[in-house]
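Please go through the model below with attention to its metal site and its charged pairs.

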Amino acid sequence: MLIDFHSHILPGIDDGSRSIEESIAILDTMAQDGVKLVVATPHFYCHDISAEKFLIRRDMAFEELRPYLKPEHPKILLGAEVLYSSRLASEPLLEKLCIQGTNYLLLEMPYVRLTNNLIDGVEELTDLNRVSIIIAHIERYLHFTAYSDLEDLMSLDVVGQLNSKSFSERRSRKNCLKLIKQGYAHILGTDFHRIDRGDLPLSYGYDIISSKISPEEADLMVACSEMIIKNADIDKIILMRE
Ligand SMILES: [Fe+2]
């Protein structure tokens, strides 16, 4: 089952879809691509808004969209793309920011070098055992940090998500394939923002993984995706990729 773990499809809540019409157009594209489940992950910045207010806004955006959804659209699970902050460890509503029905949290790292301080902060979050962490679009941090820094982050008890679009450019495709082969990347997402931004469908990434690595590798990532949605233990998912 194709599951898109990263999207900005809820209307008017972040820098993603600006209207119900645009959300529907994006969902039409996803349906045509064969996506069965999509996680709506609007940006959550704890310095800008309280988690409580964010969750109310997110749920309202979904309720606005809901009457326009078509039977062929992928089922939507609510989640968030949570920007890392040292404050998250003490956020009382942290669990509520997880992907609906799971304790998996999509965590976005700041776009700076991944320092020991940042990596230690993520480790502290995992050690709390409140949530299991998915690092969002792990390949993107390589614009800001050394591969070895990213390896240090991904060696924690976390899983990694790649953006389908990152498979389209030669250099970032190479990085994505390397991250998969080294066991750091487990799932895909489109990170779909706007209908005209050039975001690529989920199957684009899977097709490249199938042809450049192997169909079995793509199947393994689909299997990891299904396990996360079933809220399987993160250790089991990490073991599958090792
Ligand atoms: Fe995103």
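The paragraphs below take up the iron site and then the salt bridges.

This is a predicted model, in which local features need pLDDT of at least 70 and side-chain atom pairs count only at pLDDT 80 or more, while totals for chains, interfaces and linings use all residues. Residues are numbered from 1 along each chain as its sequence is written, and side-chain values use heavy atoms, with hydrogens and water left out.

The iron ion has as protein donors His 6 (NE2), His 8 (NE2), Glu 81 (OE) and Asp 191 (OD), at 2.0 to 2.3 Å. Donors are N, O and S atoms within 2.8 Å of the metal (3.2 Å for Na, K and Ca); water is not among the atoms, so sites may look incomplete. Along the sequence the spacing of the donor residues is H-x1-H-x72-E-x109-D. His 8 sits in the loop between strand E1 (2-4) and helix H1 (20-33), and Asp 191 in the loop between strand E9 (187-189) and helix H6 (202-212), so the pair ties together parts 183 residues apart in sequence. Helices (H or I, at least four residues) and strands (E, at least two) are DSSP runs, numbered from the N terminus. Both His 8 and Asp 191 are buried, that is, under 20% relative accessible area, with exposed meaning over 50% and partly exposed in between (1.4 Å probe, protein chains only).

The model has nine salt bridges, each a side-chain nitrogen of Lys or Arg within 4 Å of a carboxyl oxygen of Asp or Glu. One of them joins Glu 22 and Arg 194, with the closest N and O atoms 2.9 Å apart. Glu 22 belongs to helix H1 and Arg 194 to the loop between E9 and H6, 172 residues apart. Glu 22 counts as buried at 7% relative accessibility, and Arg 194 counts as buried at 17%.
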